[in-house]
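Please view the sequence and the structure together while reading the points below.

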Amino acid sequence: MVSTLRTHHNRLLIEMLSRESDVERFLSKLKLVGYCWEWQGSRYPSGYGKATVNGEQTGAHRASFTLFCGDPGGLSVLHKCDNKPCARPQHLFLGTAKDNALDASAKGLLSRQGKEGKRAKTLTSYEVYFMKLLFSRGWLPKRVSTYYGISKSMAEAIRLGTAWSDIHCPYPPLFKNRRAALVST
Ligand SMILES: [Zn+2]
C-alpha cells in the first residue's frame, strides 16, 4: 500500500533531482561523523533528519535514498547503522515497516564498526560507486575526501580511474554543464 503522502514526497524528491541548487543545499547539510553522514539541519522528535524540499518536509534519509538510489516507492527507508540522523546512502536499505521492527538485532553492525575502526582506509566497491556518482555531479576530490574520510589523492585517483577502475557510475552526469572525467570503459 502506497500512501498518498508518501507518493507526494517521492514526487517532490524526484523534482529536487532536477535542480542542482536543491541537491547542493541538501548535500551541504550532511557531515561525516564516524562512518555516518549525519544530518546537520533540524530533526524530527523521533531523531530522523528533517529535510525541506520545495518548501515541504521529508526525512533526510529518505531524500538521500531517493537522490542516490532512486524512488523508494511505498517502502520504508531503513538504517543499517541504527543512527537515525544518518543519510549516508550506503547505510540505507529498503524494507517494510514490519522489517523496521524486526531487524533490530541486525542493526548496530555498522555503528560498532564505526567505533572500533574509525577512518579505516579500506573502501568497499559500494562506497566507490557512490563517490563516482558524486564526481558525476561535479564534486571535487577535496570535498569527496571530506565526506569519506580518505585522502584527497585517493579521491583524485578514484575520480581519474587510476584506482578502482572496475567500478563504474551507471548514471550519466546529472548536470550538463559539469561533465566529470568518468571512466567510460
Ligand atoms: Zn550511518
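A residue is called buried if 20 or more other C-beta atoms lie within 10 Å of its own, exposed if 12 or fewer do, and partly exposed in between, with C-beta atoms placed from the backbone. By this criterion, buried residues make up 30% of the 185 residues in the protein. This is a predicted model, in which local features need pLDDT of at least 70, side-chain atom pairs count only at pLDDT 80 or more, and totals for chains, interfaces and linings use all residues. Residues are numbered from 1 along each chain as its sequence is written.

**Confidence**
- The predictor's confidence in each residue is given as pLDDT, from 0 to 100; its mean for the protein is 74, and 67% of the residues reach 70 or more.
- Among the elements of the protein, strand E2 (residues 36-39) has the highest mean pLDDT (94) and helix H5 (residues 109-116) the lowest (44).
- Over residues 107-120 the pLDDT is below 50, and it also stays under 50 over residues 172-185.
- Where pLDDT is low, the predicted coordinates should not be read in detail.

**Overall organisation**
- Helices (H or I, at least four residues) and strands (E, at least two) are DSSP runs, numbered from the N terminus.
- The protein has eight helices and six strands, and along the sequence they follow the pattern α-α-β-β-β-β-α-β-β-α-α-α-α-α.
- Two residues are in contact if their C-beta atoms, placed from the backbone, lie within 7 Å; among contacts between residues at least 6 apart in sequence, 57% join residues at least 24 apart.

- Strand E3 (residues 50-53) has a covered face, formed by Ala-51 and Val-53, and an uncovered one, formed by Lys-50 and Thr-52.
- In a regular strand the side chains alternate between the two faces of the sheet.
- Strands pair if DSSP finds at least two bridges between them; E3 and strand E4 (residues 56-59) run antiparallel and are joined by four bridges.
- Within this pair, Thr-52 stands opposite Gln-57 in E4.

- A nonpolar core is a set of buried Ala, Val, Leu, Ile, Met, Phe, Trp, Tyr and Cys residues joined through C-beta atoms within 7 Å.
- The largest one has 15 residues, and those touching the most other members are Cys-36, Trp-37, Ala-51, Ala-60, Ala-63, Cys-86 and Ala-87.
- E2, E3 and helix H3 (60-69) each supply at least two residues of this core.
- Apart from it lies another core, of eleven residues, among them Leu-133, Leu-134, Ile-150 and Ala-155.
- Gly-49 lies in the loop between E2 and E3 and counts as buried because it has 25 C-beta neighbours inside 10 Å.
- The C-alpha atoms of Gly-49 and Cys-86 are separated by 7.6 Å, although these residues are 37 apart along the chain.

- In helix H7 (residues 141-148), the buried residues are Pro-141, Val-144, Ser-145 and Tyr-148.
- They cover an arc of only 100° around the axis (taken from the directions from the helix axis to the C-beta atoms), so they lie on the same side of H7.
- These residues pack against helix H6 (125-136) and helix H8 (152-160).
- In H8, the buried residues are Ala-155, Ile-158 and Arg-159.
- Seen down the axis, the buried residues of H8 fall within an arc of 100° and therefore line one face of the helix.
- Just after H7, Gly-149 takes a positive phi of about 70°; just after H8, Gly-161 takes one of about 90°.
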